[in-house]
Amino acid sequence: MELLKRKILDEGIVLSNQVLKVDSFLNHQIDPLLMQAIGKTFASLFRESAITKIITIESSGIAPAVMAGLELGVPVIFARKRKSLTLQDDLYTEKVYSFTKKEESEVSISRKLVSPVDRVLLIDDFLANGEAALAMARIVEQADATVAGIGIVIEKAFQNGALKLKEQGYRVESLARVASLENGSVEFAN
Ligand code: G4P
């Protein structure tokens, strides 16, 4: 997606060979017009997949997921990382290990929100090692629903997340694939 790549080149900050900071439009401040374009692109990629729900993980997945949900006309669920006052029981819960942060966390979704008839599109802001996407996929499978696809805003193609997800048979569509962050600059894969 050319608009997104342009934005990454213009505003992304390479923090290290591994980490790209995009706080000006995705992870802290949000660019609504860019998010709308991202939502339209996800919708066009998955329009034929009979999606009934979108699942993401709080917090940075929510903006692109909502825009995709608006375009596809389906509800958007965000998995919670902390138990909330109103969401305590009757949950599907999965562990997520972050290699970036070297910590394990849990994500949860109410059992009421996903059922076996659902065809779910998983959306996330970044794909690194794929652990967050795999946890969402396990939740969908716990609910006997179907993972109809995975949409990623920025894939770090030099990490193994996309490979792991594709090996498990999932369709993965990334809007920008970063091949390298070496020497302080962003190189895209095709
Ligand atoms: P994985 O799920 O693909 O294995 O990813 P990983 O554990 O490496 O990522 C943990 C968190 O760090 C996730 O956000 C992920 O989106 C984010 N992340 C990973 N690589 C980058 C990067 O290069 N740049 C930026 N900006 N973020 C990255 P999170 O902790 O769930 O945070 P948030 O969704 O609340 O923002």
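## Exercises on a predicted model

**Exercise 1.** Which residues is Lys-156 in contact with, leaving aside its neighbours within four places in sequence?

*Solution.* Leaving those neighbours aside, Lys-156 is in contact with Gln-18, Val-19, Phe-126, Leu-127, Ala-128 and Val-178.

**Exercise 2.** Find which residues UniProt lists for "binding site", and state where Leu-20 lies.

*Solution.* The UniProt record, an unreviewed entry, lists Leu-20, Asn-27 and Lys-156 under "binding site". Of these residues, Leu-20, Asn-27 and Lys-156 are included in the lining of the largest pocket. Turning to Leu-20, its place is in strand 2, residues 20-21, and with a relative accessibility of 5% Leu-20 counts as buried. Leaving aside neighbours within four places in sequence, the contacts of Leu-20 include Ile-8, Phe-126, Ile-154 and Val-178.

**Exercise 3.** Determine how many aromatic pairs a search of the whole structure finds, and how the rings are arranged.

*Solution.* The search finds 1 aromatic pair. The ring centres of Tyr-97 and Phe-99 are 5.0 Å apart and their planes stand at 85 degrees, so the pair is edge-to-face, given that planes over 60 degrees apart count as such. Tyr-97 is partly exposed, at a relative accessible area of 31%, and Phe-99, with 41% relative accessibility, also counts as partly exposed.

**Exercise 4.** Identify the ring over which the charged end of Lys-5 sits.

*Solution.* The charged end of Lys-5 sits over the ring of Phe-188, at 5.5 Å from the centre of that ring.

Notes
Residues numbered from 1 in each chain as written. Predicted model: local features only at pLDDT ≥ 70, side-chain atom pairs only at ≥ 80, totals over all residues. Heavy atoms only, no water. Phe/Tyr/Trp six-rings, centres within 6.5 Å; stacked < 30°, edge-to-face > 60°. Buried < 20%, exposed > 50% of the residue type's maximum accessible area, 1.4 Å probe, protein only. Lys NZ or Arg CZ within 6 Å of the ring centre and 35° of its normal. UniProt positions renumbered as here; feature names shortened; annotations may be inferred. 1 Å grid on protein atoms, 1.4 Å probe; cavity = no way out; pocket = protein on both sides within 12 Å on 5 of 7 lines; lining within 4 Å. Helix = DSSP H or I, 4+ residues; strand = E, 2+ residues; numbered from the N terminus. Contact = heavy atoms within 4.5 Å.
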